[in-house]
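Colleague: Could you walk me through how to read a few features of this structure?
Modeller: Gladly; let us look at it together.

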Amino acid sequence: MLKKVSKIIGLSLILLATPSALPLPNLLDVASAAEVAKDVPSSHWASSSIQHMLDQQYMTTYQDGTFKPEQVITRAEAAAAIARSMQLTMTTPANFKDVAADHPYYKEICALVELGILQNGDCFNPDAPLKRMQVAKMLTLAYKIEVDSQNNSKFVDVTEGHWAKDYIESLADVGVIKGINTKQFAPNQMVTRGQFASLVERSLDFSTTLTNMEVAYDYLSKSYIPTKNYSLTMSKDVIRLVNNERQKRKLQVLSFDEALTQVAVIKAQDMVNRHYFEHESPYYGMPWDLATLFDYPYTSLGENIGRNIPSPEAAVKAWMASPSHRENILRENYTNTGVAIAVDAKGIYYWVQLFSSQ
């Protein structure tokens, strides 16, 4: 019977970093947000999304209290909803001849133009209906969803050379938008108000996962990867124990760094997924290569790793008993740290602690 052996490895780097549609409503008839739209029953497929948009006042009902979920959404309405969901304010006016300064959505339209989400020009066509291909571009730009040409989502009616191909496929890959069936996207189909409410809600949900650092864009694989730590409690226990060791020696405590923790999660998961236990990843390279790839800034960086260690206490004890690991833990110039744990199919823990100075 083979005996399981706990393993640890420590590494450090110090460097200088340089570093045809229904008649459209008159926008002036749009009223303030109502608590409930009288034409959207709870059984409507987009009821919850519509209610969310109304509750947050990203979208509004009309003066008669209806939402008109099956009516196509106009370019101006869409721009207003996106700008409001992003809590944007206008600082620079746009030059559209067909959007006067007293237009109800003038400020929102200008705010999107300023960020490059909408293109400036002579005409905006605010009352024109919005097509699915157009909304795909707007949403990817507005919510900062990475767009590339290497995508899993493919549609027979969005061919190579289509101007919106990458926007459509990238947005579909993260689950914000879908095809009208498994093969077709219908890029020229108009978007209804109910559909748009759902799309914005999904975009916001995805943005939340980004903000919470539950996913990250991998520039090598050209895809988003999950980055949820196995146990934040265990990770913070490691940091507490490490800081106890530093305080004993009158050293500055290390600050919990959420971005660095995300990089540590990626490394821990990479070791599990690619079945290795080394500082150098066969895919990402050395720890500093990994940090740079995921846009983490640093002037110096170190890494301690461990495997088959059962607890935070055991991990820190093992690291402190090893000269190279102890050196990382007690290095005076380090200011930040992030700790991650990943678990393989056999239930074995992989530990990664990253250290950095900014």
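Modeller: Let us begin with burial: a residue is buried under 20% relative accessible area, exposed over 50%, and partly exposed in between, with a 1.4 Å probe and protein chains only. By that rule Phe-96 is buried, at a relative accessible area of 8%. This is a predicted model, where local features need pLDDT of at least 70, side-chain atom pairs count only at pLDDT 80 or more, and totals for chains, interfaces and linings use all residues. Residues are numbered from 1 along each chain as its sequence is written, and side-chain values use heavy atoms, leaving out hydrogens and water.

Colleague: What share of the residues of the protein count as buried?
Modeller: Of its 358 residues, 51% do.

Colleague: How should I read aromatic pairs?
Modeller: Rings of Phe, Tyr and Trp (its six-membered ring) pair if their centres lie within 6.5 Å; planes under 30 degrees apart are stacked, over 60 edge-to-face, and the rest tilted. The count here comes to 11 aromatic pairs. In one of them, Phe-96 and Phe-124, the ring centres are 5.3 Å apart and the planes stand at 45 degrees, so the pair is tilted.

Colleague: Where in the chain do Phe-96 and Phe-124 lie?
Modeller: Helices (H or I, at least four residues) and strands (E, at least two) are DSSP runs, numbered from the N terminus. Phe-96 is in the loop between helix H2 (75-85) and helix H3 (106-114), and Phe-124 in the loop between H3 and helix H4 (132-142), so this pair links distant parts of the chain, 28 residues apart. Phe-124 is buried, at 2% relative accessibility.

Colleague: What kind of pair do Phe-206 and Tyr-224 form?
Modeller: An edge-to-face one, 5.0 Å centre to centre with 85 degrees between the planes. Phe-206 lies in helix H6 (residues 193-211) and Tyr-224 in strand S3, so the pair ties together parts 18 residues apart in sequence. Ring pairs also link Phe-206, Tyr-217, Tyr-219 and Tyr-224 into a cluster.

Colleague: Which polar contact does the side chain of Thr-227 make with another side chain?
Modeller: A polar contact is a pair of N or O atoms within 3.5 Å; within protein, one must be able to donate a hydrogen and the other to accept it, and residues adjacent in sequence count only if both atoms are side-chain atoms. The partner is the side chain of Gln-262, at 3.0 Å. The Thr-227 side chain also reaches the backbone oxygen of Met-213 at 2.8 Å. Thr-227 lies in the loop between strand S3 (223-226) and helix H7 (232-248), and is buried with a relative accessible area of 3%.
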